[in-house]
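Here are some notes to go with the model you asked me to look over. Please read them with the structure open beside you.

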Amino acid sequence: MAKIKKTAPLDKKNGARAEENNPLKITKQHKIVFGSVLVLFSIALLFAFISFFIYGQQDQSAVRELTDRAEIVQNWLGKFGAFLADLLVYKGFGIAAFIFVRLFFLTGIYMILGISLVKLKSIWFWDLFVIIILSVLFGFFATSAPELGGTIGYELNLFLQDYIGKTGTLLILLFGLIIYIIFKIKLSPESIQSFFDTTKKEMKAVTITNPLNNGTSGYNLEEFAVVEENLDDIHLKTNGSQFEINKEALKPTISNSSDINRNPVVKPLAMEVTPVATPEVISNADDSFVIETAPEEDIIEENLASRLVADFGLFDPTLDLSNYKFPTIDLLKEYSTGGITINQEELEENKNRIVDTLRNYKIEIAQIKATVGPSVTLYEIVPEAGIRISKIKSLEDDIALSLSALGIRIIAPIPGKGTIGIEVPNKNPTMVSMKSVIGSAKFQEAEMELPIALGKTISNETFVVDLAKMPHLLMAGATGQGKSVGLNAVLTSLLYKKHPAEVKFVLVDPKKVELTLFNKIERHYLAKLPDMDDAIITDNAKVVNTLNSLCVEMDNRYSLLKDAMVRNIKEYNDKFKARKLNPENGHRFLPYIVLVVDEFADLIMTAGKEVEVPIARLAQLARAIGIHLIIATQRPSVNVITGLIKANFPARIAFRVTSKIDSRTILDTQGADQLIGRGDMLYTNGNDVVRVQCAFIDTPEVEKITDFIGSQKAYATAYLLPEFIGEESGINLDMDISDRDTLFREAAEIIVNAQQGSASLLQRKLKLGYNRAGRLIDQLEAAGIVGPFEGSKARSVNILDMSSLDQFFNNEQNN
């Protein structure tokens with residue numbers, strides 16, 4: 001876990017911060033090698049020290065003749081061990097030198113596990129401190145056994161006694177032990193008192209009353225200390241860590257016993273204890289000002305999707321690409337140094353300016369807390385009683401002026417808290433890399449259908465959402481504020497979690513340059529119309545056909561769900577994987593389809609209603625059958641993001657915009673105009689607005705991922721959408737009877753029986769391709785059996801029953 005560090009001190013000459021430069025590019029492999037060396041060295045030290053206390057006297061003379069190969073030593077590590085033991089134990093710190101074994105071992109383990117070595121600073125300081133104290137202590141008491149205190153301990157003891165005597169030396173040693181106990185062990189008079197106080201037990205027992213026999217069942221939880229006794233919000237502490245308890249797990253389970261009386265018995269509690277990450281509090285001189293930083297999340301180096309093979313029951317849709325390998329996390333670049341940069345001077349200065357500005361308007365603050373995020377710090381203030389919130393809200397511009405900062409945002413009040421939030425941008429923001437969010441446990445272990453890792457919140461937590469539950473996403477913001485990077489983050493998240501058999505992308509890129517890299521994975525992940533050369537649509541004229549084709553796909557899927565008697569795509573696929581649906585009846589595994597439009601305003605300008613109507617129809621109906629829309633635009637005006645579209649896009653992301661009007665157009669509230677840019681965004685899904693720093697992924701990273709996927713075995717073609725034939729296609733309805741399909745009569749009977757003029761119906765019943773089914777529909781229209789094309793709706797059937805159909809064919813034969 002990365003350690004949050006403070007900024008380097010100011011250079012006195014030029015005021016620039018002295019950044020820590022690391023010219024040696026130490027890789028993970030180097031750390032493992034160095035860590036292994038340190039662990040093995042610590043073990044060697046342990047053997048050398050132990051054998052010294054067994055054979056030390058015999059090796060004393062040999063230590064002086066180490067260059068003589070004929071010299072024999074008894075140390076288990078040979079001459080080298082004898083030399084180390086003599087140097088660190090006899091000439092060094094005596095028996096306290098064993099602490100060096102622990103220090104080298106811990107350092108090696110930290111390097112092997114990739115844990116920041118900054119955490120070892122405190123361990124090294126206090127261990128070296130106690131080494132000196134113990135060495136002098138043994139030198140004071142064990143004068144007859146100098147190897148217990150070592151030469152250093154013995155000489156330091158004599159030095160102190162020469163100046164302050166034995167009593168003074170003993171007091172100094174006791175003072176050193178007290179310092180260690182207070183600051184390292186953190187032993188306080190209160191903890192000692194509570195340990196010996198039998199009336200205020202440190203561990204409280206929890207008992208549950210059996211209502212059936214009015215007795216008590218003494219299920220004792222003495223290994224936990226209950227911090228809050230309210231059952232609605234029980235927290236426990238154990239070993240210095242904070243945990244939350246599932247309240248439902250505290251309810252006893254009632255079951256019938258097998259004894260003669262058949263009395264119900266209460267089974268022991270099954271306690272579910274889940275760890276809660278507690279924020280780190282940075283100490284400062286002002287007790288009323290709390291600085292809080294969330295701990296860095298652990299990064300899982302391996303992509304869990306690569307080893308978590310989904311259990312699809314009897315049928316596995318991934319078998320066609322059974323050897324497919326998910327992208328590895330090392331394809332992504334780590335831009336940050338592993339932690340948030342904390343500038344305590346900046347925090348104190350901002351706090352003082354906020355307090356002074358509010359005080360100028362007779363607003364007193366009871367408490368203020370700062371939570372430091374990657375790019376923004378949240379100052380939570382608790383005003384004195386009687387202060388109106390609206391008064392603080394009206395001072396937004398005054399606070400921004402006093403802080404001389406761009407993007408001040410006031411949240412009054414913070415939802416779910418009795419505080420007022422002031423978001424202030426950091427002078428030195430920390431970049432959030434895509435690697436840090438993809439590698440986080442929150443994303444890797446997410447149990448979602450379509451998980452998307454967007455970035456990190458102000459509390460430095462990875463922000464993961466489920467596209468399947470949004471169910472559609474609208475992204476807007478001014479040019480250059482991060483929309484395209486946000487789209488890449490969305491697509492990358494899905495590529496890291498979903499197999500090519502599970503999700504397909506329909507990419508619309510009017511700019512022609514933003515999504516071109518994804519051409520390399522066309523036969524893995526992309527979907528297109530049968531007559532299209534490129535899967536990524538750059539021609540606005542082809543977008544209309546693609547959208548209408550998706551509407552046809554939507555109608556076809558709803559027909560499949562109707563036949564399967566299920567309500568959504570998940571239930572349908574589960575039923576199909578369990579082999580409860582017959583593929584001979586047209587049933588198939590349905591992948592999720594994600595439509596991504598990079599610049600929606602350009603489509604509206606060129607196609608208008610032809611685009612808006614199918615987009616609105618898909619947004620209204622396509623959720624249940626697994627078609628999800630992601631639309632981005634740099635012009636969030638009302639003629640682009642219309643009321644019809646907004647009503648069906650509850651999930652919205654707003655990057656920085658230029659005016660409050662644009663912010664209200666996207667979010668229905670202001671705030672997006674106060675963002676700082678460079679990926680700073682607001683996310684809402686119809687409830688609270690969350691500020692997130694979008695994860696950054698550069699073009700070379702996307703290229704590496706698409707190259708990795710594109711180099712593997714793929715499907716024969718991209719996923720083909722149903723062919724769309726519009727009214728403008730110029731179909732010749734004056735068809736010769738002799739040119740009719742051999743299945744014409746059978747198709748007519750199916751259409752009349754079902755009273756539904758649909759090509760997808762013929763596909764399923766006659767096991768045809770879409771093109772042949774479409775030609776049959778055209779021939780039925782030419783014959784007058786079905787009505788004309790009506791968009792994505794099924795055609796009307798002009799013949800009502802089979803007897804009328806037979807009469808129709810008899811009349812044709814007679815003519």
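1. Let's start with helix α20, residues 699-710, in this predicted model. The helix has 12 residues, and from its first C-alpha to its last it reaches 16 Å, close to the 16 Å expected at 1.5 Å a residue. (The expected span is 1.5 Å times one less than the number of residues; helices, H or I of at least four residues, and strands, E of at least two, are DSSP runs numbered from the N terminus.)

2. Which residues of α20 are buried? They are Glu 701, Val 702, Ile 705, Thr 706 and Ile 709. Here buried means under 20% relative accessible area, exposed means over 50%, and partly exposed is in between, using a 1.4 Å probe and protein chains only. Seen down the axis of α20, the buried residues fall within an arc of 130°, so they line one face of the helix. (The arc is that of the directions from the helix axis to the C-beta atoms.) An α-helix has 3.6 residues a turn, so residues three or four places apart point the same way. The buried residues of α20 pack against α12 (483-497) and α13 (522-525).

3. A word on conventions. Residues are numbered from 1 along each chain as its sequence is written. The model is predicted, so local features need pLDDT of at least 70 and side-chain atom pairs count only at pLDDT 80 or more, while totals for chains, interfaces and linings use all residues; side-chain values use heavy atoms, with hydrogens and water left out.

4. Now the confidence, given as pLDDT, the predictor's confidence in each residue from 0 to 100. The chain has a mean pLDDT of 78, with 77% of its residues at 70 or more. Over residues 198-276 pLDDT stays under 50, and the model has 98 contacts beyond four places in sequence for them; contact means heavy atoms within 4.5 Å. Residues 309-313 also stay under 50, with five such contacts. Where pLDDT is low, the predicted coordinates should not be read in detail.

5. For the chain as a whole, the secondary structure comes to 24 helices and 27 strands. Of its 815 residues, 48% count as buried. Among contacts between residues at least 6 apart in sequence, 66% join residues at least 24 apart.

6. The largest nonpolar core has 115 residues, and Phe 505 and Phe 600 have the most contacts inside it. Helix α14 (residues 540-564) gives the largest share of this core, nine residues. Apart from it lies another core, of 28 residues, among them Tyr 770, Ala 773, Ala 783 and Val 786. (A nonpolar core is a set of buried Ala, Val, Leu, Ile, Met, Phe, Trp, Tyr and Cys residues joined through side-chain atoms within 4.5 Å.) Leaving aside neighbours within four places in sequence, the contacts of Phe 505 include Leu 491, Tyr 525 and Val 594.

7. Please look at strand β16 (residues 420-425) too. Six of its six residues are buried, so β16 is largely enclosed by the rest of the structure. Ile 420, Ile 422 and Val 424 are buried on one side, and Gly 421, Glu 423 and Pro 425 on the other. Strand β14 (residues 376-383) pairs with β16 in the antiparallel sense over six bridges, with Glu 380 as the bridge partner of Gly 421. Strand β15 (residues 409-411) is antiparallel to β16 and joined to it by three bridges; Arg 409 stands opposite Glu 423. (Two strands pair if DSSP finds at least two bridges between them.)

8. Strand β26 (residues 689-694) is joined to strand β25 (residues 680-685) by five bridges, and the two run antiparallel. Leu 682 has Arg 691 as its bridge partner. Their hairpin has three residues between the strands, and Gly 686 takes a positive phi near 90° there. Strand β17 (residues 451-457) is also antiparallel to β26, through three bridges, and Lys 456 stands opposite Gln 693.

9. Finally, some backbone details in loops. The peptide bond from Met 470 to Pro 471 is cis, with omega near 0°; Pro 471 is in the loop between β18 (462-466) and β19 (473-476). Arg 579, although not a glycine, has a positive phi of about 60°, and at 53% relative accessibility Arg 579 counts as exposed. Arg 678, also not a glycine, has a positive phi of about 55° and is exposed, with a relative accessible area of 71%.
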